2 protein chains.
Amino acid sequence: MVRVVLPKASPSARPLPPADPIVPAPAVAIPDQLSAFSSQSPRDRVMCSRGRAYPDLLAGFAGDHVGAADLVTRPRDAAEVSRVLEICEANEWSCVPFGGGTSVVGGVDAALARGGRAATVALDLAALSGVYEVDQTSRLARIGAGTLGPALEQELAAHGLTLRHYPQSFEFSTLGGWLATRAGGHYATGPTRIDELCHALTTVTPRGVLATHRHPSSGAGPEAARLLLGSEGALGVITEAWMRVVPKPRWRASASVAFADFHAGVAAARALAQSGLYPSNARLLDATEAKLHRVREGGTSVLLIGFESADHPMTAWLARAIELAKDHGGTIVSGPTESDSASPSGGRAGGEASMTSAAGAWRQAFFDAPYLQSALLSIGILSDTFETACTWTQFPELHARVVGAVSRALDETCGGGLVSCRFTHVYPDGPAPYYTFVGELRDVSQWRAIKAAASDALSSAGGTITHHHAVGRTHQPWYERERPALFGTALSSVKQAWDPRGILNPGVLVR
Amino acid sequence: MVRVVLPKASPSARPLPPADPIVPAPAVAIPDQLSAFSSQSPRDRVMCSRGRAYPDLLAGFAGDHVGAADLVTRPRDAAEVSRVLEICEANEWSCVPFGGGTSVVGGVDAALARGGRAATVALDLAALSGVYEVDQTSRLARIGAGTLGPALEQELAAHGLTLRHYPQSFEFSTLGGWLATRAGGHYATGPTRIDELCHALTTVTPRGVLATHRHPSSGAGPEAARLLLGSEGALGVITEAWMRVVPKPRWRASASVAFADFHAGVAAARALAQSGLYPSNARLLDATEAKLHRVREGGTSVLLIGFESADHPMTAWLARAIELAKDHGGTIVSGPTESDSASPSGGRAGGEASMTSAAGAWRQAFFDAPYLQSALLSIGILSDTFETACTWTQFPELHARVVGAVSRALDETCGGGLVSCRFTHVYPDGPAPYYTFVGELRDVSQWRAIKAAASDALSSAGGTITHHHAVGRTHQPWYERERPALFGTALSSVKQAWDPRGILNPGVLVR
């Protein structure tokens, strides 16, 4: 199923860029009205002009900052955000909302956003940071959109709470970015996508402020927040949100189960997703993935199963999950292990120390992966990921097509390489398969060819173009194929009503 | 907290209307293009012209059908739905999509929809009925929008499946109606609102057909289906949907817990909602509600706790839920009871026979209530309900204001009456309180006064104007207060793009 022609390091790897980036002179000066909170330093301009998609990384390594934003503005409240939008609208400048800049799909690109306009303004939300208010009874926290993952968790921890949302970009991405791109969290089931964690949000548009009504649930018309979730900076600037938070988990229970046949593992993951047990982890790794992430050698697929609770031990839950996995031909290779962070024996490192070694290895590898990508790039190895979601019925065909298409593309563009698969999330109606490919790097056209082959394959097999990487510019052609034409019309109509000059992140989502 | 001045039956109750309704002559003839599937019989016209809001019931009892639809059309496929919209648009007739006609908020009103137009067409979806396709592996079923609850469940049962969605109107309402009004199901937590059960849907608008992409989840832009869910017939006609279905539950476990103090019961319900146990039932009834629904006498509040699973016994889940209830001062008054519908002892009536008597009494009373309302009306007693959702923090103040305002309104308009409260759904961030009021009937102005008092009170205390009764015409003024102005602009823009002549359910949602 996977091709194991490991790539050789390329001798053509470029040297690191100089410390002081070289940028063109800004096309415009900082307007007086924005001078108190704006910058044109080369470093600020470079840091807020791109995301972390493969072409972004290549350009960064090459020191190519030709299209850098003309100015970076860091408004300190919603009124200053409004002022930025006013100025941009009056001058017809492009305005690119900037969170952590971790888009892997070309969602942040000052050069492309400029188009034919006189200037691009990067609207950096870094100053709208912090946990502003906590409601312990209702388990809610009002948080600034510019808050980075670690700061957010640290502030919540002081209240004994957590948002429990860990996208892979956690360290460098922000709440506002998660909301604008409908980020997926680390957990496999239950409330894990940022949408489900959002109680209410505030967005500033060129035509005013939109604050959604605060309620746990409502049947009053279409849900307003759902139009902003996934709007990718094209409809407004999310400034803050009331988020659903929870106490830190106390009890953990986990096990790892191996399957000789990947599709037996798929059936086990499906049974778990449809069981009503709501595991926090139900991650199926194919044999290559298990090996790459240092979870398991030996050519078998592995299903990592984990449960967490702040309320009760998860013994019965894990026992039933293991039964289901065994029913589908699985063999336990690690665990079952349980821990209670409040008990002396289980309290080490908040219960993490007693996680099964396979799950622990996985977790570490998960957060290491983006660093590894950059390291590989610096020695001339192309490594990237893409993901989708489809029904359980569609999956076998989709998987075969994707692996076939990407393998062929790697052969053609890199002279070989490898592709691996894991499930990041599982739903009763289908999995979210996540693919990694690795090959020898020559130039960005290779990456484009492989991405196109992968996107064509998954799209033609019925998968969505992205489960949690957003649309940006990279996925736009396939997004437009899967988006109902009339929904495209609806988005354009809303954009016309809220942003009639089209200044917000031009070229993204609405063309 | 509740006022127990029981109303007297009024001698002014009106006689039942004659069997053949008297309707005005239709303003227009049936166009040739619609003749194969349309009717102007008085019975059809009357049956598809109103919902079941209090003013609808009063008008029905009085035999007042002055504003009946001019014609009823029953398209047999999406192409015929498109044809109806074409004809309506060409003639500028109003078109009111009609599912089961159970709106309790004036969402179906042929007379008001007509406004100044030449005619109103009721677009009855009854012919788009049935389960068209089942995907057992992915647990999905493609179902016609006009399918009534019982037919839907009967057809799914042949596949061993259920939608597990039981709004109180279940017998008489349709899938399309549930989707268009974001119906709430019978279950207290987990996937219970129809939105969460919807995998994909197809909608016909005057500008074409919109079929959302099929996927278990996606991060590609704002979710298209969410713009149609809750659109109340004002943006398009939902014709069919892929719904998430499940096997029939096999294991059930339940108990009832009494609380001397209502707010101790509230705290227990909150603990349960925040526990991660996902009970299918977590219904708190105040003392009046417990008495009215024949669950319990004696002046205590009751929390009905229930779990269901098709996969595993719920012993551990119920045990922890009972612990939580006891921690908050509750006393078990019924159960714990468990059943397994596959075992000989627990198999009677699909496990229902061994439900606790309190839960069984509740369930029966729940489905009897709408019949009771009509029966009470016929003997001159006003009885109606309203509901909301708010945060746990807001609830005590909201509850006090609502009970106070409704009691005063009952005093002023009916010379007394009673008001009771239950929770229909509980979320980690707040409950959905549901209120019933009963008083002596004089005329519809009483009802309007009480509804206004209740709506003002809950709205000013931060509650949403409706958790699952939709907006219709009754809630429109309060909906417009809670809806962000810019979201209203967005809906108007989409309406303008999809329905430029404004023929679809005029006056509802978008004005």
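Two strands count as paired here if DSSP finds at least two bridges between them. With that in hand, let's look around this predicted model, starting with a sheet in chain B.

Four strands of chain B form an open sheet in the order S1-S2-S4-S3, and the pairing is mixed. At the edges sit strand S1 (38-39) and strand S3 (94-98) of chain B, each of which pairs on one side only. S1(B) runs antiparallel to strand S2 (residues 71-73) of chain B, and two bridges hold the pair.

## A covered strand

Further along chain B comes strand S13 (residues 281-285), which is mostly covered, with five of its five residues buried. In a regular strand, side chains alternate between the two faces of the sheet. Which way do the residues of S13(B) point? Asn281(B), Arg283(B) and Leu285(B) go one way, while Ala282(B) and Leu284(B) go the other, and all are buried.

The neighbour of S13(B) is strand S14 (residues 301-309) of chain B; the two run antiparallel and are joined by five bridges. Arg283(B), for one, has Leu304(B) as its bridge partner in S14(B).

## How the two chains meet

How many residues does each chain bring to the contact? Chain B gives 78 residues, and chain A gives 78 residues too. On chain B's side, several elements supply two or more residues, including strand S8 (198-205), helix H11 (315-327), strand S17 (418-427) and strand S18 (430-440) of chain B. Helix H16 (485-498) of chain B is also on that list, and H16(B) gives the most, with nine residues. By class, this side of chain B has 29 nonpolar, 35 polar and 14 charged residues.

## The nonpolar core

In soluble globular proteins, nonpolar side chains tend to be buried together. In this model the largest nonpolar core has 305 residues, and Val406(A) and Val406(B) have the most contacts inside it. Take Val406(A): leaving out residues up to four places away in sequence, it touches Val419(A), Tyr435(A), Phe437(A), Ile450(A), Ala453(A) and Ala454(A).

## Domains of chain A

| Domain of chain A | Residues |
|---|---|
| Domain 1 | 131-247 |
| Domain 2 | 251-276 + 288-341 + 349-355 |
| Domain 3 | 368-481 |

The C-alpha centres of domain 2 and domain 3 of chain A are 25 Å apart. Where they meet, ten residues of domain 2 of chain A are in contact with 13 residues of domain 3 of chain A. On the domain 2 side, the elements that give two or more residues are helix H9 (262-273) and helix H10 (287-292) of chain A. H9(A) gives the most, with six residues. That side of domain 2 of chain A is made up of five nonpolar, three polar and two charged residues.

A few spots in the backbone deserve a look. In chain A, Gly335(A) and Pro336(A) are joined by a cis peptide bond, with omega about 0°, and Pro336(A) lies in strand S15 (residues 331-340) of chain A. Chain B has a cis peptide bond between Gly335(B) and Pro336(B), with omega about 0°; Pro336(B) lies in strand S15 (residues 331-340) of chain B.

Glu92(A) has a phi of about 55° and is found in the loop between helix H3 (78-91) and strand S3 (94-98) of chain A. Asn505(B) has a phi of about 35° and is found in the segment after H16 of chain B. Asn505(B) is buried, with 28 other C-beta atoms within 10 Å.

Note on methods:
Residues are numbered from 1 along each chain as its sequence is written. Chains are lettered from A and ligands numbered from 1 in the order in which they are written. This is a predicted model: local features need pLDDT of at least 70, side-chain atom pairs count only at pLDDT 80 or more; totals for chains, interfaces and linings use all residues. Two residues are in contact if their C-beta atoms, placed from the backbone, lie within 7 Å. Ala, Val, Leu, Ile, Met, Phe, Trp, Tyr, Cys and Pro count as nonpolar, Asp, Glu, Lys and Arg as charged, and the others, Gly among them, as polar. A residue is buried if 20 or more other C-beta atoms lie within 10 Å of its own, exposed if 12 or fewer, and partly exposed in between; C-beta atoms are placed from the backbone. A nonpolar core is a set of buried Ala, Val, Leu, Ile, Met, Phe, Trp, Tyr and Cys residues joined through C-beta atoms within 7 Å. Domain bounds come from an automatic or database domain assignment.
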